[in-house]
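I opened this one to see how its parts sit against each other. My notes follow, in the order I looked things up.

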Amino acid sequence: MFIETESTPNPATLKFLPGQDVMGARGTADFPDAEQAARSPLAERLFRLEGVARVFLGADFVTVTKGEDAEWQGLRPQVLGALMEHLMAGRPILAGEPVEAVEEEDTDPADAEVVAQIKELLDTRVRPAVAGDGGDIVFRGFRDGIVRLHMQGACSGCPSSRATLKHGVETMLRHYVPEVVAVEQVEA
C-alpha cells in the first residue's frame, strides 16, 4: 500500500491519501481530541502517537494535526505506519454504525429558500475545495444576513481559514445570494 502525503494550508496539518475510501459516502468525522475518538478505532490509534493533536477523516483521506511541540520529521513516518497497518489489516474506521451528528442550525423558517441556496453553493463550490485542503466546512446557521460556518480538519485553526471565509466564501455567497451580508466562523 502506498499512502501519499500532501501539505495543507495549515502548517500543523498533513493530509494522508491511502488510495482507498476512508469514510466514503458516510460523510466526515472530526476528532478534535483523543477523548472524542472513542467511536473510531483508527482515530484512537492515531491519538496514541505522541504529538497527534487532532484527526479528521474525509471520504478518501485522513488529516492529522500535530501539537505545538511535535515535529513532522519524526511524526509523519509514525502516522504513515499506523495508517498502513490499520488499513491493510482491514480494521474498521468507525466502531459500529456511523453516528449521524445532529447539528443545530440557527435559521428562520421564513429564510428556507435562501438557506437552500446557501447550502447548495457550499456543497457544490466550497466543500470540494476545502476537502482538497484536507478539511470540511459545516453550515451552522443564517440569521439577519449572516451565514455561520464551522471549519473542520486542516481548516480548523488554520491561519488562513478566516481569510478564506471572508475573501473567498463570503464574496462568492454575497455574489450569488444578495441576502447574505457577511460570513462568520463559529466553533463547534
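I started with the contacts: 13 residues of domain 1 touch 14 residues of domain 2, where contact means heavy atoms within 4.5 Å. This is a predicted model, so I kept its rules in mind: local features need pLDDT of at least 70, side-chain atom pairs count only at pLDDT 80 or more, and totals for chains, interfaces and linings use all residues. Residues are numbered from 1 along each chain as its sequence is written, and side-chain values use heavy atoms, with hydrogens and water left out.

I checked the bounds next: domain 1 is 4-89 and domain 2 is 106-185, from an automatic or database domain assignment. Their centres, taken over C-alpha atoms, are 25 Å apart.

Then I looked up the buried area, meaning the accessible area (1.4 Å probe) that two parts lose on being put together, summed over both. Between the two domains I found about 950 Å², with 55% from carbon and sulfur atoms. On the domain 1 side, strand 2 (13-17) and strand 4 (52-57) each supply at least two of the touching residues; strands are DSSP runs of E, at least two residues, numbered from the N terminus.

Last, I checked confidence: pLDDT, the predictor's confidence in each residue from 0 to 100, has a chain mean of 87, and 91% of residues reach 70 or more.

Technical notes:
Helices (H or I, at least four residues) and strands (E, at least two) are DSSP runs, numbered from the N terminus.
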